[in-house]
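Hi,

Here is the structure I promised to pass on.

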Amino acid sequence: MEKKQHNIDLARCFAILCQRKKVYFKVLPIVFILSCIWIFPQPRYYRSSVALAPEYASENAAGGLSSLASSFGFNLGALGGSSDAIYPLLYPELFQSPEFIVSLYDIKVKSLDGAIDTDYYTYMKKHQLLNPLTAPFRAVKRWVVSLFKEKQKGGPLSAKEVNPFMMSERDFLLMEIVQKKILCTIDKKTEVITITVTDQDPMIAATMTDSVCARLQDFIVMYRTSKARMDAQYYQTLVDSARKEFDKVSLEYSKFCDSHNSAIRQSVISQRERLETDRALKLNAYTALSTQLETMKAKIQENTPAFTVLQSATVAPKPAGPKRMLFVIGMCLLASIVITFWLVRKEIFGIGTK
């Protein structure tokens, strides 16, 4: 038996909506009031961004090919443009590192009105505003969790006590919240780094954006110059040792010359010549090592990358959210759609028709 096709009568649907329009007048004001009650106590948040253009340390012939490919939207990054293990496309992964997040806790922050002046760790733990309407739900959640979990011991009291290798559950949750507040994006074509920090205070958001940018630059500089710094430290040890040997031989030579100033015996002359030769060798070794040390110091500067700030962090004059009016309008629109489908459900789905 062939199933009878159901046709939707739009004119009848419109007539039903006109007849039942009082439903909109009853429901929409309620939705409007409830939406306002929910969204207006929500804490405002602000965003601050900074844009960086990193310098690529490229010394091979493939560097030109990488630059040419980037102009067409392709990135040869790790293939030819740089021998670094950490190149810009991996920077967002660095921002997810527990060690990097924990290193931000000791940053000093101050609110726009000056009421808050502490480190970022204390600010995140004790000065975060929450919607008061959610307090009963949070209390119930804590009570339910306490039934199944043992009471946790007191966690770290300061940022320096947080161990990124072994964190408590509270500190781990705090780390995840901070990770969500910090966003790092890379333009794959131009490789411009954009760092955005979201916070409830505009001054703290701008301060953290600047500080995160500085910490990123310090990390990359330390990484790029690590080999040269190790070499410089090694040569510094050799230079210090060579200087001591040279001073020792010079002192011995001076004492010998002073004590045998008028001696004409061949044995004395030979001994003086031996000491003089030994002194010259020590001086040559010291000079050569000092030259190598200066070369390593110059290499540290050569390998230090430069970051061009394209857009500096600023204190946001307006909040980035929540968009209260959009939320209220969206909820009213959603309620209107639900009411409409509910009123004409019989016409749409053929309920009650033969």
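Lys227 is exposed, at a relative accessible area of 54%; for these labels, exposed is over 50%, buried is under 20% and partly exposed is in between, with a 1.4 Å probe and protein chains only. The side chain of Lys227 meets that of Asp231 in a salt bridge, 2.9 Å from N to O. By salt bridge I mean a side-chain nitrogen of Lys or Arg within 4 Å of a carboxyl oxygen of Asp or Glu. Both residues sit in helix α11 (residues 226–259), four residues apart, or about one turn of the helix.

Before I go on: this is a predicted model, so local features need pLDDT of at least 70 and side-chain atom pairs count only at pLDDT 80 or more, while totals for chains, interfaces and linings use all residues. Residues are numbered from 1 along each chain as its sequence is written, and side-chain values use heavy atoms, with hydrogens and water left out.

Helix α11 also holds Asp247 and Arg243, again four residues apart and so separated by about one helical turn. Their side chains form a salt bridge too, at 3.2 Å from N to O. Asp247 counts as partly exposed at 36% relative accessibility, and so does Arg243 at 39%.

The structure holds four salt bridges, and one of them pairs Arg215 with Asp106, with the closest N and O atoms 3.2 Å apart. This pair links distant parts of the chain: Arg215 is in helix α10 (residues 202–224) and Asp106 is in the loop between α6 (98–102) and β2 (108–110), 109 residues apart. Arg215 is partly exposed at 28%, as is Asp106 at 42%.

On to the chain overall. It has 14 helices and six strands, taken as DSSP runs numbered from the N terminus (helices H or I, at least four residues; strands E, at least two). Buried residues make up 32% of the 354 residues. Of the contacts (heavy atoms within 4.5 Å) with a separation of 6 or more, 78% are between residues 24 or more positions apart.

One last thing, on the surface: Ile30, Phe32, Ile33, Leu34, Ile37, Trp38 and Leu133 form a nonpolar patch with about 650 Å² of accessible area together. Patch residues have over 30% relative accessible area and no salt bridge, with nonpolar side chains (Val, Leu, Ile, Met, Phe, Trp, Tyr) joined within 5 Å and like charges within 9 Å; areas are Shrake-Rupley with a 1.4 Å probe, and for residues only the protein chains shown count as cover. Ile37 belongs to helix α2 (residues 22–39) and is partly exposed at 46%.

Cheers
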